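Please read this briefing alongside the sequence and the 3D structure. It goes through the sheet, the helices, a loop and the charged pairs in turn.

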Amino acid sequence: MFLADCHTHSRVSPDSNAPMVEMAKAAWEYGLDVMCLTDHCDLLSLEGERTLTYDWGPVLRERKGMLDAFGAPGDLPLGLEFGMAHLFPEAAETILRQPGLDFVIGSCHNQDETAGGTDFYLLPYDTLDQCYAALDNYFASMLQMAASPYYDVVGHVIYPLRYMNGPYDTPDLGRYRDQIREILRLAIDSGRGMEINTWKGQTLAQWIPLLQDYKELGGEILTVGSDAHAPGPLGKGIQEAYTMMADCGFRYVAVYHERKPEMIRLK
């Protein structure tokens with residue numbers, strides 16, 4: 001069975017300690033055909049400070065070591081998870097000129113600058129009201145991101161939910177359905193796709209309503225990623241996501257090379 005994990009991180013990302021070579025070793029042991037390392041480039045820091053440059057040097061050095069050791073057994077596209085790029089077009093365009101870049105996930109990890117720019121990971125979620133305030137800000141930013149040209153797929157559309165685990169019911173995304181559908185429509189109309197992010201196999205059923213809307217809107221391009229930041233969670237939830245996609249009427253999963261999707265038939 002073909003397996004591609006198109007959202008992974010190495011120690012080039014600030015929130016991982018995993019060498020790329022160890023990620024590649026684990027990928028082949030797990031049986032992945034494709035592993036795309038999409039290390040973080042966030043134009044706002046965790047605390048909301050502007051970080052408008054990106055040093056490709058560490059990425060390329062780590063990548064060379066990985067390819068020297070593990071380039072032959074499988075496919076290792078060069079990816080990037082690009083956060084808040086829509087806010088800073090000039091910086092985004094400069095960063096994306098890197099030759100050999102295969103795949104860009106468009107993400108919103110931070111509140112917008114008027115709200116302080118803090119990463120959603122750091123916000124308090126003690127009450128349902130705090131959750132909805134964060135989600136209001138998040139989906140407004142996602143709409144702006146989806147209208148920009150600085151991505152190939154919309155990343156983890158339900159991202160903040162992973163942090164909302166307080167003594168309350170899970171926030172109802174139904175109140176954001178119109179916004180989510182518009183985000184997906186913008187991606188579809190511009191020839192871009194949507195990512196199913198399994199979050200190390202922990203989020204699967206949550207994607208079914210989004211897949212149904214994406215299908216209804218005419219979406220076809222889907223990538224799947226575990227969001228693994230260490231070797232252990234690589235590939236987790238990928239097979240289950242493929243089954244879920246097929247159940248929702250999709251027949252292909254996408255893998256990107258040179259910023260173009262290759263459609264692989266689900267089996």
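Two strands pair if DSSP finds at least two bridges between them, and the strands themselves (E, at least two residues), like the helices (H or I, at least four residues), are DSSP runs numbered from the N terminus. On that basis, three bridges join β1 to β2, which run parallel, and these strands belong to an open sheet of seven strands in the order β1-β2-β3-β4-β5-β6-β7, with parallel pairing. This is a predicted model, in which local features need pLDDT of at least 70 and side-chain atom pairs count only at pLDDT 80 or more, while totals for chains, interfaces and linings use all residues. Residues are numbered from 1 along each chain as its sequence is written, and side-chain values use heavy atoms, with hydrogens and water left out.

- β1, α1 and β2 make a right-handed β-α-β unit; a crossover is right-handed if, with the strands pointing away from the viewer, the path from the first strand over the helix to the second runs clockwise.
- Strand β2 is mostly covered, with eight of its nine residues buried, where buried means under 20% relative accessible area, exposed means over 50%, and partly exposed lies in between (1.4 Å probe, protein chains only).
- Six bridges join β2 to β3 in parallel, and Cys 41 has Phe 82 as its bridge partner in β3.
- Strand β3 (residues 78–83) is in turn joined to β4 by five bridges, again running parallel, and here the bridge partner of Phe 82 is Gly 106.

- Strand β5 (residues 153–154) runs parallel to β6 and is joined to it by two bridges, with Val 154 standing opposite Met 194 in β6.
- Five of the five residues of strand β6 (residues 193–197) are buried, so the strand is largely enclosed by the rest of the structure.
- Both faces of β6 are covered, because Gly 193, Glu 195 and Asn 197 on one side and Met 194 and Ile 196 on the other are all buried.
- Four bridges hold β6 and strand β7 (residues 222–225) in a parallel pair, and in this pair Met 194 stands opposite Leu 222 in β7.
- The chain goes from β6 through helix α6 (residues 208–216) to β7, and this β-α-β crossover is also right-handed.

**Helix α1**

- In helix α1 (residues 20–30), the buried residues are Met 20, Met 23, Ala 24, Ala 26, Ala 27 and Trp 28.
- These buried residues pack against β1 (4–8), β2 (34–42) and α2 (56–70), with contact taken as heavy atoms within 4.5 Å.
- After α1 comes Gly 31, whose phi is positive, near 100 degrees.

**The loop between β4 and α4**

- Gly 117 has its place in this loop and counts as buried at 0% relative accessibility.
- Beyond its neighbours within four places in sequence, Gly 117 is in contact with residues including Leu 44, Leu 46, Asn 110 and Asp 112.
- Tyr 121 is in the loop between β4 (103–107) and α4 (128–146), and it counts as exposed at 52% relative accessibility.

**Salt bridges**

- The structure holds 10 salt bridges, each being a side-chain nitrogen of Lys or Arg within 4 Å of a carboxyl oxygen of Asp or Glu.
- Arg 259 forms a salt bridge with Asp 152, their closest N and O atoms being 2.8 Å apart.
- That pair links distant parts of the chain, with Arg 259 in the loop between β8 (252–257) and β9 (260–265) and Asp 152 in the loop between α4 and β5, 107 residues apart.
- Arg 259 is partly exposed, with a relative accessible area of 27%, whereas Asp 152 is buried, with 6%.
- Glu 216 forms a salt bridge with Arg 181, the closest N and O atoms being 3.2 Å apart.
- Glu 216 lies in helix α6 and Arg 181 in helix α5, so this pair ties together parts that are 35 residues apart in sequence.
- Salt bridges that share partners join Arg 177, Arg 181, Asp 213 and Glu 216 into one network.
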